[in-house]
Amino acid sequence: MPFVELEHVSLTYRLGKETTLALADATLGIERGEFIAVVGPSGCGKSTIMKLVTGLLPASGGDVKVAGQLVTGPIKGVGMAFQNPTLMPWRTTIGNVLLPMEVVEPHKRRFRRARAEYEARAMKLLGTVGLVDFAQKYPWQLSGGMQQRSNLCRALIHEPELLMLDEPFGALDAFTREELWGVMQALWLEKRFTGVLVTHDLREAVYLADTVYVMSRRPGRIVLSRKIDIPRPRTLATTFEPHFVDLVHELRDRIHQEHAQ
Amino acid sequence: MNGVGREVLKYAMPWLVMAALLVIWQIACIVFDIPEIILPKPTRIFAVFVMRFDVLMAYCGDTLWTTVVGFLLAIAGGLLLGLAIGASPFVYSGLYPLLIAFNAVPKVALVPILMIWVGVGSLPAVITAFVISFFPIVVNVATGLATIEPEMRDVLRSLGATRIEILTKVGIPRAMPYLFASLKVAITLAFIGSVISETVGGNNGIGFLMLSASARNDAPTTFAGLFAIAIMGVLMYAVCALVEKRMTRWAFRGEIVG
């Protein structure tokens, strides 16, 4: 049974008298430990899928299940990272990374007593993304790429089973972005969480995901599900191999069809 | 002009402008032969200021005391109400319109009512200072809470944070720069409140001193009182600005990095 299941899920936004059908009929299943990517034209409800899976938004129709449980409210302990790093400027980098430990059970109860232990854990994680020397710096003293790395650390520190990424590399320059794909893949290979990446960068989707879902224009439906059979670890060199390029083209053609309609 | 000279001049500018204004004032008084009862010369005001320094200080002490008590009450009340309004849409829709209406009432109109209730003295001054400086604090704290990034809220909610946790981990730290920014406005308003109350119906404080001096046609003393209020106001403003910088360094990020 898939870890995350969406069955004929739809969502209607209501603003006053106007209603907008954001998501028409989404059905997909994500296995435990699978990394999927959702791509599609802008405004197709990609981010809506994330909010539905985490229970931040209730579905208007259909069922959302995580670990066999019907999602009715915000599910706890999910890791989330957005395009905007949303770090707290009044906390140091390590303070920001430790935030989930102060909120998520069972760490919350142990936090005061085991602070040193948790700090060591945060430092280890910061080490894997190359930020050890910046642990005591404030977010606004870091570059955009470093902020996004800290953001990923914060999303992963409590070892969530489910990680939600909403265009996390969208605001970065091309070099930093490609470097962070590698960082993200390394983290996933080590921890094997279930990942959901929303992006409009098709190379990013193919690089990181096991399965890529293409969504139609609004109201969003899933029009293509494509397994990515490229062995891991993938590298930047992989992205220039013919098979990789073919996959990207296949996805791009499907999205162009959506735009043409 | 070299760089250091420019820096020095930048800091000297307010003093230079003030000195220039006083000089113009002095010259105008002499040239147009303005009677002292209408506009005393700055030198005369300064002389009175020095001569009656102990009296002025005593009255200033009263005003400062009532202002600060009213101001502290306003911080406590404003912070609590601001947090409630910013955190709950129901409290917001219930209280915000009332607050706006209340803020539209000229506070000087409250003083006669306060005098009926609590009599003459320090208490109406404290209450007036409180009600007048309360509003900007409430509005700013509520704004600070209301402008939390939705993504930040989503991150915390998806971690399983309760409303109280979101308030303490993000809301309150986020509202602090707004609170401290409002204190600078609020302290000046608190002075206005206490002096109004002293002037309308007081038996002590600098407002009362000015009122009785003007009743005796003692313009220099009235003006000396005015200067005393201005000095107190500026000093308290400076204290608030200093506290603001100390408490919310992260909100002044540019200055620490640069």
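View 1. The lining of the largest pocket takes at least three residues from each of domain 1 (1-34) and domain 2 (45-257) of chain B. The model is predicted. The pocket holds about 470 Å³ of space. Helices α1 (3-31), α2 (42-51) and α10 (219-247) of chain B each give at least two residues to this lining. P14(B), W15(B), M18(B) and L22(B) are among the lining residues. By class, the lining has twelve nonpolar residues, no polar and no charged.

**View 2. The second largest pocket.** About 370 Å³ of space lies in this pocket. It has 21 lining residues, and those closest to its centre are G86(B), A87(B), S88(B), R153(B) and R163(B). Two or more lining residues come from each of α3, α4 (89-104), α6 (122-146), α7 (150-159) and α8 of chain B.

**View 3. Helix α3 against helix α8 in chain B.** Helix α3(B) covers residues 53-87, and helix α8(B) covers residues 163-201. The two pack at an angle of about 145°. Their axes lie 7 Å apart. The crossing of α3(B) past α8(B) is right-handed. In this contact, 16 residues are nonpolar, four are polar and two are charged. Both helices also contribute to the lining of the second largest pocket.

**View 4. A cavity lined by chains A and B.** The count gives one cavity of 30 Å³ or more. The largest cavity has a volume of about 30 Å³. From chain A, the lining includes V78(A), G79(A), M80(A) and P100(A). R154(A), A155(A) and H158(A) line the cavity too. Chain B supplies V155(B) and L159(B). At least two lining residues come from each of β6 (79-82) of chain A, α6 (144-156) of chain A and α7 of chain B. The lining divides into six nonpolar residues, two polar and one charged. Helix α7(B) is also one of the elements that line the second largest pocket.

**View 5. The domains of chain B.** The domain assignment gives domain 1 (1-34) and domain 2 (45-257). Their centres, taken over C-alpha atoms, are 31 Å apart. Both domains contribute to the lining of the largest pocket.

View 6. Chain B has eleven helices and zero strands. Along the sequence the pattern is α-α-α-α-α-α-α-α-α-α-α. The C-alpha trace spans about 75 × 65 × 30 Å along its principal axes. The mean pLDDT of chain B is 90, and 97% of the residues score at least 70. Among the elements of chain B, α2(B) has the highest mean pLDDT, 95. Helix α11(B), residues 253-257, has the lowest, 50. Helix α2(B) is also one of the helices that line the largest pocket.

Conventions: Residues are numbered from 1 along each chain as its sequence is written. Chains are lettered from A and ligands numbered from 1 in the order in which they are written. This is a predicted model: local features need pLDDT of at least 70, side-chain atom pairs count only at pLDDT 80 or more; totals for chains, interfaces and linings use all residues. Side-chain values use heavy atoms; hydrogens and water are left out. Axes are lines fitted to C-alpha atoms, for helices over the stretch in contact, and angles run from 0 to 180 degrees between N-to-C directions. Helices (H or I, at least four residues) and strands (E, at least two) are DSSP runs, numbered from the N terminus. A crossing is left-handed if the near helix is turned anticlockwise from the far one by less than a right angle, and right-handed if clockwise. Ala, Val, Leu, Ile, Met, Phe, Trp, Tyr, Cys and Pro count as nonpolar, Asp, Glu, Lys and Arg as charged, and the others, Gly among them, as polar. On a 1 Å grid over the protein atoms alone, a cavity is a set of points where a 1.4 Å probe fits but cannot get out, and a pocket is an open set with protein on both sides within 12 Å along at least five of seven lines; lining residues have an atom within 4 Å of a point. Grid points are joined across faces, edges and corners, and a volume is the space filled by probe spheres set on the points. Domain bounds come from an automatic or database domain assignment. pLDDT is the predictor's confidence in each residue, from 0 to 100.
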